[in-house]
Amino acid sequence: MKADAVFEGGGVRGIGHVGAVQFLEEQGYEWNKLLGTSSGSIVAALLASGYSGKKLIDIMNNLDYQKFLGDTWLDNIPLVGEGLEVWFQMGLHDNDYLEKWLENLLAKKGIHSFADLPDDNLKIIASDITNGRMIIFPDSLDYYGIPKEKMSVAKAVRMSCSIPFFFKPIKWKTSKNTCYIVDGGVLSNYPVDIFDRSDGPPRWPTFGFRLSQENIQSKPAEIDGPISFGKAIVRTMYQAHDTRHIEKHSEVRTIFIPTGTITGTKFSLSERDRKFLYESGYHAAQKFLETWDFDDYKTKYRKNFN
């Protein structure tokens, strides 16, 4: 059975996506088109390159998430180091490690640029804050005058995962200008309708994978300077995405994955946290398929094409 998939961003909580993917694959689903935002783009890129959900959980379990928080010489300056990071480099952490880690995994499958993938197989969302545009890789490359052969998939994922203030924005030189690129979730964290056809009924389903956080407002942010202010903005951005309303036709094809009180930037994940997120995704997909009926979905929500 074919299916398209759209993965919401959510930082380290993206492990929940992997559990859901594994269950659906066990039920016979095969991925056709994939889209991801932020951490969802990591899952989408690896699946598009040929990794299975079962293999992804091995990769995630053996990953040291702390390595994503790359440090620079400014971190060695006591007391003011973090402030200088934001002032001079517009972010607390460098995420070079993410790009290199993913580049290595994709290379094992013979994937380097978007030209190595089938057309329309993978889409990644990022935000161009210089030009005020949402980027959909590889569709948006024509606008920037960059051929698919020159655009690294790992680089695009890194751009999509560059959480503002937390990670440094990516400075991207294009034929138009030099652009600052940040996390795709700033503009579109969950574009579940991106693969919907306008010329007829869907031939196979699009499943959305959404991360739901509990007790979001359990502890107010303590803002006492530019660093805590920036972190509060990021937290609010992700909370707004977590709680906003989605339309019924999108809701019925969405797998909601509970993530408890684990935040997206908790890079010190314990083994228990990882197990919880994975099992949460697995059981959420199991519960979803108990009531999912593709024919019923088409009749109720795509009947104009029937």
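How do α1 and α10 lie to each other? I opened my notebook with that helix pair.

**Ground rules.** I am working from a predicted model, in which local features need pLDDT of at least 70, side-chain atom pairs count only at pLDDT 80 or more, and totals for chains, interfaces and linings use all residues. Residues are numbered from 1 along each chain as its sequence is written, and side-chain values use heavy atoms, with hydrogens and water left out. Helices (H or I, at least four residues) and strands (E, at least two) are DSSP runs, numbered from the N terminus.

**α1 and α10.** I took helix α1 (residues 15–26) and helix α10 (residues 271–291) and looked up their axes, which come within 6 Å and cross at roughly 40°. Axes here are lines fitted to C-alpha atoms, for helices over the stretch in contact, and angles run from 0 to 180 degrees between N-to-C directions. Angles under 35 degrees count as roughly parallel, over 145 as roughly antiparallel, 65 to 115 as roughly perpendicular and the rest as oblique. So α1 and α10 are oblique to each other. Their crossing is right-handed; that is, the near helix is turned clockwise from the far one by less than a right angle.

I then listed the contacts (heavy atoms within 4.5 Å). On the α1 side I noted I15, G16, V18, G19, A20, Q22, F23, L24 and E26. They meet R274, L277, Y278, G281, Y282, A285, Q286 and L289 of α10. By class, this contact has 10 nonpolar, five polar and two charged residues. For the classes, Ala, Val, Leu, Ile, Met, Phe, Trp, Tyr, Cys and Pro count as nonpolar, Asp, Glu, Lys and Arg as charged, and the others, Gly among them, as polar.

**α2 and α7.** Next I checked α2 against helix α7 (residues 153–160). They pack at about 160°, with axes 8 Å apart. That makes the two helices roughly antiparallel. This crossing is right-handed. S41, I42 and A45 of α2 make the contact with V153, V157 and S160 of α7. I count four nonpolar, two polar and no charged residues there.

**Cores.** A nonpolar core is a set of buried Ala, Val, Leu, Ile, Met, Phe, Trp, Tyr and Cys residues joined through side-chain atoms within 4.5 Å. Buried means under 20% relative accessible area, exposed over 50%, partly exposed in between (1.4 Å probe, protein chains only). The largest core has 76 residues, and W31, L122, F137, V153, W172 and F209 touch the most other members. α2 gives the largest share, seven residues. A second, separate core of seven residues includes L35, Y190, V192 and F195.

Most residues other than glycine have a negative phi, and most peptide bonds are trans. S38 has a positive phi, near 55°. It sits in the loop between β2 (30–37) and α2 (39–48) and is buried at 2% relative accessibility. D120 also has a positive phi, near 65°, in the loop between α5 (96–107) and β4 (122–128). D120 is partly exposed at 39%. A cis peptide bond joins F137 and P138, with omega about 0°. P138 is in the loop between β5 (133–137) and α6 (141–144).

**G184.** I ended at G184, in the loop between β8 (178–183) and β9 (206–212). Its relative accessibility is 0%, so G184 is buried. Its C-alpha is 9.8 Å from that of E8, 176 residues apart along the chain.
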